[in-house]
Amino acid sequence: MNQEPRGQPSGPAGRAVGEATASQDVGPAHRPLVVIVDDDQDVRMALAELLESVSIDATTFASTRDWLESDVVDRPGCLVLDVRMPGSSGLDLQHHLARNGDPKPIIFLTGHGDIPMTVQAMKAGAVDFLTKPVRDQTLLDAVATGIDRDLTQRAKARAVKRHLDLLAALTPREHQVLAHVAHGRLNKQIAFELGISQITVKLHRGNVMRKMQVNSVGELIRAWEAIPRDLRERRS
Amino acid sequence: MAGHGAGFPQPRHGKKGARLRPTMNDDRTISERAADEDRFRMLIHHTPTPLWYVDARGADQLFQDLRGQGVTDIASYLDAHPELVEAAKDEVLVTEINRAAVALFRAADPADLIRPVRYLFAATPEMAKRVMTAHFEGRRNYVEQARMATFDGEVRDVVFSVTYPAPPERLDITFITIEDITDRLRTEAQLRHLQADFAHAARVSMLGELATSIAHEVKQPLAAIVTNAETSLRWLTRTEPNIAKARELTARIAASAQRANDIIQRVRAMATKQEPERRALNLADVIDEALHFVRHDLDARGITLSRANGGGIPSVLGDRVQLQQVLVNLLLNSIQAIAQADAAERRIELKVDVAPANDVTLSVHDTGPGVAEADLSQVFDGFFTTKDTGMGIGLAICHSIITEHGGQIAAANHPAGGAVFRVILPGHEQSP
């Protein structure tokens, strides 16, 4: 392992998804951290220094493997990755992360941009594909975009998690009613569909609104839509 | 004997009656023996090797005196008394020569060669001392590569050989042959030159293949320089400039610039044509340098390189650039073999070890498809190639460079799969 910690020491918190809202991300564990992976020591030190000069925490690794094997705390941020390195390449890491459902934004650096590789990386969701030597502002802009993207993703993931937790508290019948409401059906249609009275449907709707902690049907539908389809469509 | 080149000295005999020394059981008459000797002399006379008969009994006398004085280290003694060597050059006499000797010295008159030996040492005066030393030490032969000044003022490269007489032979005949090797040396030099030119041409072509790799290698320090410089400016243009940071970053900029320069120097050494040198080299250093040229190729093709160095590897005597060339060539070969076969396992093992007789072995083993058995015997032939692109000169050059270094190179298929190229170079000195 070849970790060269820089900037703020990371706090003791582990994966805190869902436990705090974005506005509460102020502790050291929630400060953005940029992970730099480049086999060239001079380059990775230079990049870390640049980020430090604008008060962004950075940590550096000589290889993707070193990073994967490290116990660096998961913090919002992004990866700055040389596309070609001994052992596992930057693109390999991108695939690896995608397979593991880790959407950490990646900024690729390359000695010479070859187009097929750039296309491949961008299609797979890279934030940017920059050619060395990279201008400071170009990199900082990309890093800012990467961090924003990660913060947004994390906020979204937290919201989904919260909605899912709330959804889990619904009874099967309430869940059914919610699904029908989300599909825009009227109470009487739902009553007919489920073979219950409209009064009962209204009762369930009230419970759903309360349990999902929303104040309007619009809010309820947005919450429902925010949850990925495969997670919200429960047994029916 | 008429018709054998007028003016050549005729074989002489009987000038001194004591020169024929029939032994007791030799029942031939003196005249029969004399006739034998004449025939022998005719052979000598016409032999194409330049020959001298020298009467060195004057030196014998001197040596006896010196031994009497208890001198044993004759070389040091002669160093201290150069006048003795000078005197010997005049006292030791050429008694006979043959036609080839006359031709070698381009003498107008063969008689010009029948005189004190001084003229033999005109272009290599110090050799006289060594010839005397060998004589004093009772050796039978002394051979030295030397230079000879011909009578018409040219200097030739020669192999000068002396055979000293020992009883019961005739002590008045020391036998000298001088072989003119000027043309041979010139041809060898031309050959070496051609080899170096060829190696250089192959290097330049190899650098072409490595252009991407080299560009990448130079870009790393440049990238570090640009970023460090820009960060430095950021610190300096603040309302309260951070001088300490700027200083630290500037030092790193200088180090990276130096590194970029080193890379360019390595490339330049590869690209320039220079006379091959012979220096004591640590093969591990040569490998380090060679790897700079191929590292990017290895990474780009996802090939892992592992190195193993045995202990106590002696240095080798050689030309740094040419040996680097061999290594880069072998590595490129392996890389291309792995890439072309799209091998699943992608590994190259570089091993340096010491072999018996203080030899150094270097092996490059790859996980490519290996070499077809039928091709094994021709991989080092010029213009032999199995690659889609390539001229087939790389391995031929490796072979010629390694041979020029007194070593050997061989190709084989490894029992565990893949090709293995082994280079053996004579060790120079034990490593420290």
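**Close-up 1. Polar contacts link chain B and chain A in this predicted model.** Start where the two chains meet: across their interface there are 11 residue pairs in polar contact, with both residues at pLDDT 80 or more. Helix 8 of chain B gives the most, with 14 residues.

**Close-up 2. The contact between chain B and chain A draws on residues of both chains.** Chain A brings 26 residues to the contact and chain B brings 24 residues. The size of an interface is often given as the accessible area lost when the parts come together. Here chain B and chain A bury about 2200 Å² between them, and 50% of that is on carbon and sulfur atoms.

**Close-up 3. A salt bridge connects Arg234(B) with Asp136(A).** Side chains of opposite charge can pair when their charged atoms come close. In this pair, the closest N and O atoms of Arg234(B) and Asp136(A) are 3.1 Å apart. How many salt bridges are there between chain B and chain A? The count is seven.

**Close-up 4. Within chain B, Arg118(B) and Glu86(B) form a salt bridge.** Their side chains meet at 3.0 Å, N to O. This pair ties together distant parts of the chain, 32 residues apart: Glu86(B) lies in helix 4 (residues 82–91) of chain B, while Arg118(B) sits in the loop between helix 5 (99–105) and helix 6 (127–136) of chain B. Over all chains, the salt bridges come to 45.

**Close-up 5. Five strands of chain B make an open sheet.** Follow the strands in the order 7-9-10-12-11, and you will find that the pairing is mixed. Which strands lie at the edges? They are strand 7 (304–309) and strand 11 (408–413) of chain B, each pairing on one side only. Neighbouring strands are turned against each other by 15 degrees on average, direction ignored.

**Close-up 6. Strand 11 and strand 12 of chain B run antiparallel.** Six bridges join strand 11 to strand 12 (residues 419–426) of chain B. Look for Gln408(B), which stands opposite Ile424(B) in strand 12 of chain B. Helix 10 of chain B packs on the sheet and touches strand 7, strand 9 (347–355) and strand 10 (359–366) of chain B. The direction of helix 10 makes about 175 degrees with that of strand 7 of chain B.

Key:
Residues are numbered from 1 along each chain as its sequence is written. Chains are lettered from A and ligands numbered from 1 in the order in which they are written. This is a predicted model: local features need pLDDT of at least 70, side-chain atom pairs count only at pLDDT 80 or more; totals for chains, interfaces and linings use all residues. Side-chain values use heavy atoms; hydrogens and water are left out. Contact means heavy atoms within 4.5 Å. Buried area is the accessible area (1.4 Å probe) that two parts lose on being put together, summed over both. A salt bridge is a side-chain nitrogen of Lys or Arg within 4 Å of a carboxyl oxygen of Asp or Glu. A polar contact is a pair of N or O atoms within 3.5 Å; within protein, one must be able to donate a hydrogen and the other to accept it, and residues adjacent in sequence count only if both atoms are side-chain atoms. Helices (H or I, at least four residues) and strands (E, at least two) are DSSP runs, numbered from the N terminus. Two strands pair if DSSP finds at least two bridges between them. Axes are lines fitted to C-alpha atoms, for helices over the stretch in contact, and angles run from 0 to 180 degrees between N-to-C directions.
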